[in-house]
Amino acid sequence: MIALILAQTIAITGGTVYPVSGPKLEYATVLIRDGKIAAVGTNVTVPADATRIDATGKWVTPGFIDGGGQMGLVEISAVPGTRDGSLQGDTIAAAFNVAEGVNPASQVIPVTRVEGITTTLATPSGNLVSGQAVLLDLAGATIEEMTVKAPAAVVADFSENGKDEAGGTRAGIVERLRGVFRDALEYERRKTDFSRAQMQPLGARAADLEALLPVLHGQLPLIAIANRRSDIETALRLAREFKLRLVIGSAQEAWEIAPEIAAAGVPVLVEPLDNIPSYDALGVRYENAALLAKAGVKIVLMETDTHNSRNLKQEAGNAVSYGLSWDQALRAITLSPAEVFGVADRYGSLESGKVANVVVWSGDPFEFTTAVEHVIIRGKEIPLKSRQTELLERYRKLPPSY
Amino acid sequence: MRTWWTVTVALPLAVACASGGARPATQATVPAPAAADTTSANRVQYASTYRRHANPPVLIKNATIMTAAGQQIANGSILLRDGRIVSVGATVVAPPDAVVVDGTGKFVTPGIIDDHSHLGVYAAPGTDAESDGNEATNPVTAEVWAEHSFWPQDPQIPLAIAGGITTIQALPGSANLIGGRSATLKLVPARTVQEMKFPGAPYGLKMACGENPKRVYHSRGPSTRMGNMAGYRAAFIQAEGYREKWDKWNKSHQGDPPSRDLKLETLAEVLRGHILVHNHCYRADEMAQMLDLGHEFGFKIRSFHHAVESYKIADLLAREGTGVSVWADWWGFKEEAMDGIHENAALNQQAGVRVIIHSDSPSGIQRLNQEAGKAMYAGQRAGIAVTEDQALRWITANPAWALGIDSIVGTLEPGKMADVVVWSADPFSVYAKALQVYNDGWLVFDRNDPAHQPRTDFELGQVLTTGEDR
């Protein structure tokens, strides 16, 4: 890849390094070469040709990973032509992989990455089975260059939104999914019969059934969007029944059954600042993330407002205010999402051999006082520029010089 | 809903966006209309029944007192009595019956004011039954009053109180060119909206530019921005005629009085300067058009709301004396919101514009302190000088000004209403939480005391709190 050929050798020296995989290191060096982290420690030899970043007094962390949103799939929310996150006309849209709809030229990408978010899950929405989510790095000229993992998960909607696609009742959601899952397994066993049209009609298109097989074989997680406690329990039940690798998304009332979720070993994607009650989740509250973590649930934080994915930091800070430990919060936006989305061998911590997504901060990354000083994605330093920084420069002095 | 899977549905319905009582010695900055020059019949209209709760004096001591009046006092004290701030300073003498609050390590600010809220008019849960913010049946509905939609049992109200909010402007939405009257409310537990109406506060009028009215009325008009302008002008031309008729009759009392028209009555009060205009408007060029509309009819726009492009015309806004009520960072959800930048508030402050950080959101209203911090530090990082006192004024004194109540609330100064928040840390920190909220001296929220954590009727029996189980 061209990006790798051009990649620099960079040594970030003297900073307080938060590897996430281990305790923080004072006055440590992070050495980056050929897009990868070459070494992390207090005793790292810096090669002569390395570009040095003096991080004395600074904080160094992995690039943050947003576990939700629609990065690259929506440019202007109100303009349908710029929205590519939802497939119309297919209730079981399992084969819908959002990747080929991603716009690497999206203006939202630079706005986000200059604030230290380097990777996001781009998630399909709508329908009962929404489609396949992909994990993207926020750099790269092409979809292929951006892609970290595609698909990273299949998304299904167990919330009140999902029931619109399932006959208007919650029971319909799980009944429909059971049928489709059984059909997918049946289809797999009898592909020849299927191609000879010797099967009863199936509950979804062949392509969608095919796309569900990795989920049914436990190779790909199913993200079940569920908020009401009973809907979360339904998702857990279905996952037991079909031996799924389940992830609960949104999960607003999850805190009410945190021990049960922990016992099932199911991770949860949480938006900490969710607390407006709806009939889908009257129990929604700020302490959700902390109470889940306390019970031993692996949590991943999200900022689902795609344009402000950068506020993942504020979500994390508020989660800390409401009981999560600072270290847990950092893990929930770095290593935990990497684990949940199946890329922890390459992402989520500052360890030798991992992809070099690294951010240098002036202080605590969750604080508003803190500036992002350097962003490195796949070993390349990213210019801290976006359309918004250009607007600032143009209008800093009035009248502007056009 | 901020959730991604509802994004396609929740979308530009961001249309959502968008007197009486005895209090001697304090006057609203905008005088309440005298009977002689009001167009309405000489009668009381939906008067405030707000009453201060009797409370013992409260002394908060050894705290960092941020006055929003130019002063920050380390290890300071503040005394509240009978709903008033009695004294603020390094040493304050308290009466023996005062409740003493140890503020060591804590920060004290004025109560937070949100001049753009839809609490109560778009209550939670967000069902059709609770959707009372947009009378989207006509592009000009100056005749509707937000207070007549307001539901005091909205479970979002205690959440906002826990964020340090003491006063809100509840506004109609932005579907209409002229959406109706706003209500300025004390955010206190109450059975009726009348019990919440801020005594002496003038009314506001909600107007909206740009995409929302154009989209909502596309088939019947207005369907263009020029159609929007024609709509405002037609309404104010009518209002001028109505005002003249009533002025004439009020002077002479000859013959039958003109018949009363609720829509024009409100607009005539705008022309008289008694009702403050709050104008939802994103684009710089449109704000300039609206300022000219004000010139044409002789009224002032008090504040442009959302105003994501206001930094482009901050010089013009400063000259006109119109404030801006902005977010710290919202952008991108529609075309007119594409040019939002983090430094908007700071650039306006630098140019001398009155800046307000508003929420337009039941979620955002709970952390206006954080949003102000975000905007302040973004400005400072860009080399724009903004002080903590100025940024605090963005959520206290300046919204108080926008609502015409800045002589009553908005700063910690002797004589002001005792709307006070005690914070666990510097309120501009992401980790700061409101520990205590005093509204007119009444402890309406105490994070460490369930006896001061009011719950709405709605929550009883169906919304769990910590420690409760089903």
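How many salt bridges are counted between chain B and chain A? The count is one, and this report on a predicted model starts from that pair before moving into the chains themselves.

**The interface**

The salt bridge joins the side chains of B:D339 and A:R387, with 2.8 Å from N to O. On the side of chain B that touches chain A, the elements giving two or more residues are helix 1 (7-10), helix 2 (156-161), helix 7 (314-320), helix 8 (344-351) and helix 9 (368-381) of chain B. Helix 9 of chain B gives the largest share of that side, six residues. By residue type, the side of chain B that touches chain A divides into 30 nonpolar, 17 polar and 16 charged residues.

In terms of contacts, 63 residues of chain B meet 70 residues of chain A. The area buried between the two chains is about 5,500 Å², and carbon and sulfur atoms give 58% of that area.

**Helix 14 of chain A**

Helix 14 of chain A spans residues 387-395, and A:Q388, A:L391, A:L392 and A:Y395 in this helix are buried. Seen down the axis of helix 14 of chain A, the buried residues fall within an arc of 100°, so they line one face of the helix. What do they pack against? The partners are helix 2 (108-113) of chain A together with helix 8 of chain B. At the start of helix 14 of chain A, a side-chain oxygen of A:S386 comes to within 3.1 Å of the backbone nitrogen of A:Q388.

**Salt bridges within the chains**

Over all chains, the whole structure holds 39 salt bridges. Here are three of them, each within one chain:

| Pair | N to O distance |
|---|---|
| A:R170 and A:D231 | 2.9 Å |
| A:D193 and A:R190 | 2.8 Å |
| B:R272 and B:D247 | 2.2 Å |

A:R170 forms its salt bridge with A:D231. A:R170 lies in helix 5 (residues 170-189) of chain A and A:D231 in helix 8 (residues 229-242) of chain A, so the pair ties together parts 61 residues apart in sequence. A:D231 is buried, at 4% relative accessibility.

A:D193 and A:R190 belong to a network of salt bridges that also links A:E186 and A:R189. A:D193 is partly exposed at 22% relative accessible area, and A:R190 is partly exposed at 28%.

In chain B, B:R272 meets B:D247 in a salt bridge. B:R272 lies in the loop between helix 5 (262-271) and strand 11 (276-281) of chain B, while B:D247 is in helix 4 (residues 225-252) of chain B, so the pair ties together parts 25 residues apart in sequence. B:R272 counts as buried at 12% relative accessibility, whereas B:D247 is partly exposed at 28%.

How values were computed
Residues are numbered from 1 along each chain as its sequence is written. Chains are lettered from A and ligands numbered from 1 in the order in which they are written. This is a predicted model: local features need pLDDT of at least 70, side-chain atom pairs count only at pLDDT 80 or more; totals for chains, interfaces and linings use all residues. Side-chain values use heavy atoms; hydrogens and water are left out. Contact means heavy atoms within 4.5 Å. Buried area is the accessible area (1.4 Å probe) that two parts lose on being put together, summed over both. A salt bridge is a side-chain nitrogen of Lys or Arg within 4 Å of a carboxyl oxygen of Asp or Glu. Helices (H or I, at least four residues) and strands (E, at least two) are DSSP runs, numbered from the N terminus. Ala, Val, Leu, Ile, Met, Phe, Trp, Tyr, Cys and Pro count as nonpolar, Asp, Glu, Lys and Arg as charged, and the others, Gly among them, as polar. Buried means under 20% relative accessible area, exposed over 50%, partly exposed in between (1.4 Å probe, protein chains only). The arc is that of the directions from the helix axis to the C-beta atoms. A polar contact is a pair of N or O atoms within 3.5 Å; within protein, one must be able to donate a hydrogen and the other to accept it, and residues adjacent in sequence count only if both atoms are side-chain atoms.
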